[in-house]
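Visitor: I am new to reading protein models. Could you take me through this one, feature by feature?

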Amino acid sequence: MDRAIIAELLRDGRLPVRALAERVHISRANAYARLTRLMDDGVITGFTAELDTNKAGLGTSAYVSVTIEQNAWRAVSAGLRDIPHVEHFAMVGGDYDLLVLVRAPDNAALRDVVLERIQGIPGVRGTRTWLVFEEARGRGTEWAPRQG
């Protein structure tokens, strides 16, 4: 049942609890209780809007790979959290240490983020930038209820 609730909320995060209960075929009280538990347990961490980044004024997107000095993760992570236009970053395995998603209004702002701000964080050794030309969503995880 929790998976069905998650599936419905991923389709429409603004869904009223009454409608959610109807869609997953449980009582409104049960839906409230399950939703509260999912939030209290940290499974659902919040609700957000999906944006068209171009229409929102963020027409330039790029993935930036970052190499850092050994043991610099905490300092670099703290520095990245404070940089405007850094949407997401992750520690990764492979040729680079971090992968950063930057969404900026234009190339000049992107340049500032990468060359001045990211490269200015103590512990950053180097960056490589890939400009995003087009984006699409994948299928994602199936959150429909398990059978059986």
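Visitor: At what angle do helix H1 and helix H3 pack?

Guide: Two packed helices are described by the angle between their axes and the distance between the axes. Here, H1 (residues 2-11) and H3 (residues 28-40) pack at about 85°, and their axes are 11 Å apart. That makes H1 roughly perpendicular to H3. Angles of 65 to 115 degrees count as roughly perpendicular, under 35 as roughly parallel, over 145 as roughly antiparallel, and the rest as oblique. The axes are lines fitted to C-alpha atoms, for helices over the stretch in contact, and angles run from 0 to 180 degrees between N-to-C directions. Helices (H or I, at least four residues) and strands (E, at least two) are DSSP runs, numbered from the N terminus.

This is a predicted model: local features need pLDDT of at least 70, side-chain atom pairs count only at pLDDT 80 or more, and totals for chains, interfaces and linings use all residues. Residues are numbered from 1 along each chain as its sequence is written, and side-chain values use heavy atoms, with hydrogens and water left out.

Visitor: Which residues of H1 and H3 meet?

Guide: From H1 come Asp2, Ile5, Ile6 and Leu9; from H3 come Arg34, Leu35, Arg37 and Leu38. Contact means heavy atoms within 4.5 Å. By class, the contact of H1 with H3 has five nonpolar, no polar and three charged residues. Ala, Val, Leu, Ile, Met, Phe, Trp, Tyr, Cys and Pro count as nonpolar; Asp, Glu, Lys and Arg count as charged; the others, Gly among them, are polar.

Visitor: How many of the ten residues of H1 are buried?

Guide: Buried means under 20% relative accessible area, exposed means over 50%, and partly exposed is in between (1.4 Å probe, protein chains only). Seven of the ten residues of H1 are buried, so H1 is largely enclosed by the rest of the structure. They are Asp2, Ala4, Ile5, Ile6, Ala7, Glu8 and Leu9. Their cover includes helix H2 (17-24) and H3.

Visitor: Is Leu38 buried or exposed?

Guide: Leu38 sits in H3. Leu38 counts as buried, at 3% relative accessibility. Set aside residues up to four places away in sequence, and Leu38 touches Asp2, Ile5, Ile6, Val43 and Ile44.

Visitor: And what does Leu20 contact?

Guide: Leu20 belongs to H2. Leu20 is buried, with a relative accessible area of 1%. Leaving aside neighbours within four places in sequence, Leu20 contacts Ile5, Glu8, Leu9 and Leu15. Leu20 and Leu9 are eleven residues apart in sequence, and 7.9 Å apart in space, C-alpha to C-alpha.

Visitor: At what angle do H2 and H3 cross?

Guide: Their axes cross at roughly 105° and come within 8 Å. H2 and H3 are therefore roughly perpendicular to each other. Val17, Arg18 and Ala21 of H2 make the contact with Arg28, Ala31, Tyr32 and Leu35 of H3. By class, this contact has five nonpolar, no polar and two charged residues.

Visitor: Which residues of helix H5 are buried?

Guide: An α-helix has 3.6 residues a turn, so residues three or four places apart point the same way. In H5 (residues 107-118), the buried residues are Ala109, Leu110, Val113, Val114 and Ile118. Seen down the axis of H5, they fall within an arc of 130°, so they line one face of the helix. The arc is that of the directions from the helix axis to the C-beta atoms. The face turned away from the buried side carries the exposed residues Asn107 and Ala108.

Visitor: What covers the buried residues of H5?

Guide: The cover includes strand S1 (60-68), helix H4 (73-81), strand S2 (86-91), strand S3 (98-104) and strand S4 (124-132).

Visitor: Which residues have a positive phi?

Guide: Most residues other than glycine have a negative phi, and most peptide bonds are trans. Asn71 is not a glycine, yet has a positive phi of about 70°. Asn71 is in the loop between S1 and H4, and counts as exposed at 79% relative accessibility. His85, also not a glycine, has a positive phi of about 80°. His85 is in the loop between H4 and S2, and counts as partly exposed at 31% relative accessibility.
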